[in-house]
Amino acid sequence: DWTPEHYVDTAVAALQRTIGPDDQVILGLSGGVDSSVAALLLHRAIGPRLHGIFVNNGLLRKEEFESVLHSYQGLGLNVTGVDASEAFYDALKGLSDPEQKRKAIGRTFIEVFDREAHKVEGARWLAQGTIYPDVIESVSVKGPAVTIKSHHNVGGLPEQMNLKIVEPLRMLFKDEVREVGETLGLPHHILHRHPFPGPGLGIRILGDITAEKVRLLQAADAVFIDALHQHGLYEKVWQAGAILLPIQSVGVMGDERTYEQVVALRAVTSVDGMTADWAHLPYEFLAEVSNRIINQVRGINRVVYDISSKPPATIEWE
Ligand code: XMP
């Protein structure tokens, strides 16, 4: 019978047999479940010879980089946090097309990750948090009729640095990954985090991206996500977030006419993200979130709720 404890024991033993006693291992951490569980498993096997690299692309949720880095360090992981926000904003400057934005983000990620990886002396392995569903079907990414693997593909690094690939979660389904993570002591907030796209808020700011728009969206998104937690709704939806629309609309505040940004809220129920229904969140809840965003986030004067299901609408707007 499969148990997470048994899986941990056998995987740790296998990793210790496979990875040489002086070999260093590099792993890109995203704050998501898979890479975090892979890190804990490798850490159990080889301790500080696992070198985690966590890149802040400037497109994460509000305070996510600091809080996740803190959690990793609390778990004893050897992790380097790299704040590369400016490099990403520079690469994104003037780009509005979703695919061009994805490419710029992916390219910049590889540059930053490669630079950090080259600093690890004695690196022999690149670890990846690939899980079984990734093996049988690549994550579908929107593009001109193509299905390609998402940003986790780190390009030419393995050949360049002569690294071998190690994927300790390759045989696991998502629920098994969570059980293994729980056994290894991964905190609840990482274990039960919603899926979050690699390009992050970069594909939730429609049109071009600026640091100022990121701050605006982070603030609105944080209000929404905090409220989902407060009302016990976070774990009832599969994914949720806010989208900054590239339009302004007229509003009124006191005696003043305003002309400000619109935010759309998106929350879906789903099993695997391939199909999804818009989450039927209570009206009272939506009203509260709308009021809080408009009152607390300067620059937003209108909130709308996305009631489209997938298909034909996708979960993300870009
Ligand atoms: P869609 O929008 O295609 O999203 O219905 C399905 C799931 O995939 C995520 N997604 C991405 N993940 N890179 C990623 O790593 C991407 O470019 C990307 N685009 C969409 C999306 O958040 C949802 O969970």
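This is a predicted model: local features need pLDDT of at least 70, side-chain atom pairs count only at pLDDT 80 or more; totals for chains, interfaces and linings use all residues.
Trainee: What radius of gyration does the protein have, and how does it stand against that of a compact globule?

Mentor: The C-alpha trace spans about 70 × 45 × 40 Å along its principal axes. For 318 residues, a compact globule would have a radius of gyration near 20 Å. The value for the protein agrees with this, being 20 Å.

Trainee: What percentage of contacts between residues at least 6 apart in sequence join residues at least 24 apart?

Mentor: The protein has 11 helices and 9 strands, and 35% of its 318 residues count as buried. Among contacts between residues at least 6 apart in sequence, the share that joins residues at least 24 apart is 75%.

Trainee: How many residues does each domain give to the contact between domain 1 and domain 2?

Mentor: The domain assignment gives domain 1 as 4-191 and domain 2 as 204-305. Taken over C-alpha atoms, their centres are separated by 28 Å. The contact takes 9 residues from domain 1 and, from domain 2, 9 residues.

Trainee: Of the residues on the side of domain 1 that touches domain 2, how many are nonpolar, polar and charged?

Mentor: Domain 1 covers 4-191 and domain 2 covers 204-305 in the assignment. On the side of domain 1 that touches domain 2, the residues divide into 4 nonpolar, 3 polar and 2 charged.

Trainee: Which residues are in contact with Leu42, leaving aside its neighbours within four places in sequence?

Mentor: In general, nonpolar side chains in soluble globular proteins tend to be buried together. Leaving aside neighbours within four places in sequence, the contacts of Leu42 are Leu15, Val25, Leu27, Leu50, Ala127 and Pro168.

Trainee: What span should helix α5 have at 1.5 Å a residue, and how far apart are its end C-alpha atoms?

Mentor: Helix α5 covers residues 98-117, which is 20 residues. At 1.5 Å a residue, the helix should span 28 Å; the distance between its end C-alpha atoms agrees, at 28 Å.

Trainee: Which elements are included in what covers the buried residues of α5?

Mentor: The buried residues of α5 include Lys101, Arg102, Ile105, Phe109 and Phe113. The cover over the buried residues of α5 includes β1 (24-29), β2 (50-56), β3 (79-83), α4 (85-92), β4 (123-127) and α7 (157-160).

Note on methods
Residues are numbered from 1 along each chain as its sequence is written. Two residues are in contact if their C-beta atoms, placed from the backbone, lie within 7 Å. Helices (H or I, at least four residues) and strands (E, at least two) are DSSP runs, numbered from the N terminus. The radius of gyration is taken over C-alpha atoms; the globule rule is 2.2 Å times the number of residues to the power 0.38. A residue is buried if 20 or more other C-beta atoms lie within 10 Å of its own, exposed if 12 or fewer, and partly exposed in between; C-beta atoms are placed from the backbone. Domain bounds come from an automatic or database domain assignment. Ala, Val, Leu, Ile, Met, Phe, Trp, Tyr, Cys and Pro count as nonpolar, Asp, Glu, Lys and Arg as charged, and the others, Gly among them, as polar. The expected span of a helix is 1.5 Å times one less than its number of residues.
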